[in-house]
Amino acid sequence: MYREGQATAIQRADYSAPAYWIDTVDLCFDLDPAKTRVLNRMFLRRNPEVPAQPLKLDGDELNLARVLVNGQGTSFKIEGTQLVLDNLPDAFELEIFTTCCPAKNTKLMGLYVSNDSFFTQCEAEGFRRITYFLDRPDVMASYSVTLRADKAKYPVLLSNGNLVAHGPLEDGRHFAKWVDPHRKPCYLFALVAGQLVAREQRILSRAGKEHLLQVYVRAGDLDKTEHAMNSLMHAVAWDEARFGLALDLERFMIVATSDFNMGAMENKGLNIFNTKYVLANQATATDTDYSNIESVVGHEYFHNWTGDRVTCRDWFQLSLKEGLTVFRDQEFSQDLAGEASARAVKRIEDVRLLRTAQFPEDAGPMAHPVRPDSYIEINNFYTVTVYEKGAEVVRMMQTLVGRAGFARGLTLYFERHDGHAVTCDDFAQAIADANPGSALATLLPQFKRWYSQAGTPRLHASGTYDAQARTYTLAVSQSCPPTPGQPPKEPFVIPMGVGLLGQDGQELPLQLAGEAAPVPGQRTLVITQATETLTFVGVDAEPVPSILRGFTAPVVLEFDYSDAQLLTLLAHDSDPFNRWEAGQRLALRRAIKSIAATAYPAGATALDDAYIEAMRSVLRHPLLDAAFKELVLTLPSETYIAEQLDVVDPQRIHAVREAMRAQLAHALADDWQWAYETHRDSGAYRPDPVSSGRRALAGMALANLCLVAQGSGPSASSGQASVWPGKAYQRFKDAGNMTDRLNALSALVSSGHALAAQALPRFHALFKDDALVLDKWFALQAGAPDRDGNVLPAVRQLMKHPDFTLRNPNRARSLIFSYCSANPGGFHRADAAGYVFWSERVMELDGFNPQVAARLARALDRWTKLAEPYRSAAREAIVRVAAKPDLSNDVREVVSRALA
Ligand code: ARG
Ligand code: ZN
């Protein structure tokens, strides 16, 4: 087998159009796990717009048997991984016959076997593992696909498009022929073969067209497909209602597999999903699972237009489809959530993800622009930057042109580019052109710096009140820290939602200097300069500014709020995002102060009465939603706290945050009890925002009550508190749904109570046949708060559990990633044992699944910020991985950037 040497980086600037076009592809598969035969008949045409050159087709781990041009044998060369053909006519038929081994495909890219069924994953570059091809997204062809396989083992045979023929063959085999009516790039090709059953639903579009929706799963999982099907129906209706985008297929299929590298894949008409984002019933799935399923089903469905109908010219444009489609799925979930307060909860959750995952990425060695300039392995660029920051960039466009203007822009985008492979520039241009005179149209070149410049901008603001002039002046400045390869940055276009509150918390009308009259309520100002001043006139008393309402831009806002101002915002801001943000700022400030204190005796108090009373008011508030309360009462994560510090001592952060958690538990013990009693019963299970919010708050209350019982202090010793672990255990046994059950179990585990040792095996016994629930069982233990270094030995022990396997990506994520990437207190050990464990697992995974290995490798992205002894130990572990001789390009790119 050929192995590439040191891989070189691919540059965005080097793009050139393909030398050939592929018009049609006729694929014929003889499916066999050990040796699948693939006959690929294509019609190709020279691209007259580029100089004549040989045809170079990509291939990977293929056995080549035969190549025919116009039915005749031909000479060819293999250069590296490419099949090279010279002296070709301008238009010709090319026939390529290859074989591959799906059973040994542990990378889960290309054609592979999972639970005795066949699946494919072609994005980004998996199609070349199926046949030789121009494996690039700007080559769009019409596909017809014939699948042949043993009928008993593989009764269901699926591919993209419409089923046009099927029937028996000799020797117990059968066939199915599929024709996709839409041209597509090869990364959207898919096939599935196996013993599957489907939930079916016929729907009528607004135009009166009938469509068949199907969700395919393994027999026995059918009772877990209702929510996915409902989500799909909602998604179809939503895209038609909000953007006028109708389903363009007679049949739309979703198939679930338990072996999948990522979340799901938008193959045209045949989406393939990780079971995690399909299967749910109330006994096995949590509220979070239900809402993730809704958004991922929506996401993949929305790709049918934003991705499939209009696709990417090259992989540097990945955010063209991903940023836009994440934005669309976020909007979908918000619209489905309904009420303003439920929409705000979703927005806060999205921002929390952005700030805890994307901001660190943008400040670390893997920082890259939303539209990257170079990569070694494209799989490493399916990132929170391309997805979530990309979605924020699209959101800012909508903010600048308005909701209706944005919908107009999307319509123009499809008018111009339907059926084509285009760029991020094309998208931004269409939105701007549909909104002439808008801030986006006027500022477009500058706005597009969001695509080209990496790093999280800092927006610094300070306010001055002039009582005599009755003016309030906001001085605003922006800067952006250097990122790899981009030392200086130019100013960004920053939409900034602003409101002013009076000292009593009332919203003030806003009038900028030079304006004729005040405008009631908040407004969005657009910052474009490095420094700017905004003067509000007619302000009778010093106001409390509410800045960056709704998180209108993906920036860090620095404003030197007093505690009193933050308490006013927390109590009164009409913008729920900033109301939540005020609580986070209060907590963060206290955490940072305690972390910095030279001596931090165990049991010392980080939280003062003002903060605790403010939290009590939120918890007891008669009007606020339970879901919102739960968000406000959740302390900033250890990861988020770490990002605010120049030098990070993870153990100190962990200790301080745990102490804050315990203090909040004790101080509000009566309130937690009240919250638990009043929210614990939410009636018949429904995963809607209101009842899931109630369950979330009840779960949080129970966790706090168990913490009180475990801790020392006045409330713990009283007989009152000690009943809670027993109640939690009872709840764990009786719960009518997985959310309540897992919350109760988690309350026992995270408080470190002895009953956890009884509950965990019981939980395992109950769900031993449900892989997704076992993932939760592993994840809960790997993510438990560390006590005297107890988590790592537990994780090592769990690796020996008969249900553990590193080969299944979900299982690997549940145990290994939960520990290395989501449990800083357990992972960053002074004895370096966490890092040693990490390096072992990265290298082990890399032996069979480099894509998953490279994700795990990212766990030490921020090593340079660590205090000693962590920093040196982390570096040593990365160096150890980098020194492995046969490392994949995937992991090599991550570790070499980390060490650069
Ligand atoms: N396009 C898919 C999605 O966003 C993700 C596919 C990622 N695949 C990969 N090999 N990196 O839903
Ligand atoms: Zn996507």
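This is a predicted model: local features need pLDDT of at least 70, side-chain atom pairs count only at pLDDT 80 or more; totals for chains, interfaces and linings use all residues.
Is the crossing of helix 11 and helix 12 left-handed or right-handed? The crossing is left-handed.

**View 1. Helix 11 against helix 12.** Helix 11 spans residues 609-620, and helix 12 spans residues 626-633. Their axes come within 9 Å. The crossing angle is roughly 165°. Angles over 145 degrees count as roughly antiparallel, and the two helices are therefore roughly antiparallel to each other. Helix 11 makes the contact with M615, V618 and L619. Helix 12 answers with K629, V632 and L633. By class, the contact has 5 nonpolar residues, 1 charged residue and no polar ones.

**View 2. Helix 9 crossing helix 10.** Residues 563-572 form helix 9, and residues 576-596 form helix 10. The axes come within 8 Å and cross at roughly 145°. Here, too, the crossing is left-handed. On the helix 9 side stand D563, L566, L569 and L570. They meet N578, R579, A582, G583, R585 and L586 of helix 10. The contact divides into 5 nonpolar, 2 polar and 3 charged residues.

**View 3. The shell around ligand 1.** There are 13 residues around ligand 1. Nearest come E123, M262, M265, N379 and Y382. Strand 21 (264-265) supplies at least two residues of the shell. Helix 2 (287-302) likewise supplies at least two. By class, the shell has 5 nonpolar, 4 polar and 4 charged residues.

Key: Residues are numbered from 1 along each chain as its sequence is written. Chains are lettered from A and ligands numbered from 1 in the order in which they are written. A residue is near a molecule or strand if its C-beta atom, placed from the backbone, lies within 6 Å of it. Helices (H or I, at least four residues) and strands (E, at least two) are DSSP runs, numbered from the N terminus. Ala, Val, Leu, Ile, Met, Phe, Trp, Tyr, Cys and Pro count as nonpolar, Asp, Glu, Lys and Arg as charged, and the others, Gly among them, as polar. Axes are lines fitted to C-alpha atoms, for helices over the stretch in contact, and angles run from 0 to 180 degrees between N-to-C directions. A crossing is left-handed if the near helix is turned anticlockwise from the far one by less than a right angle, and right-handed if clockwise. Two residues are in contact if their C-beta atoms, placed from the backbone, lie within 7 Å. Angles under 35 degrees count as roughly parallel, over 145 as roughly antiparallel, 65 to 115 as roughly perpendicular and the rest as oblique.
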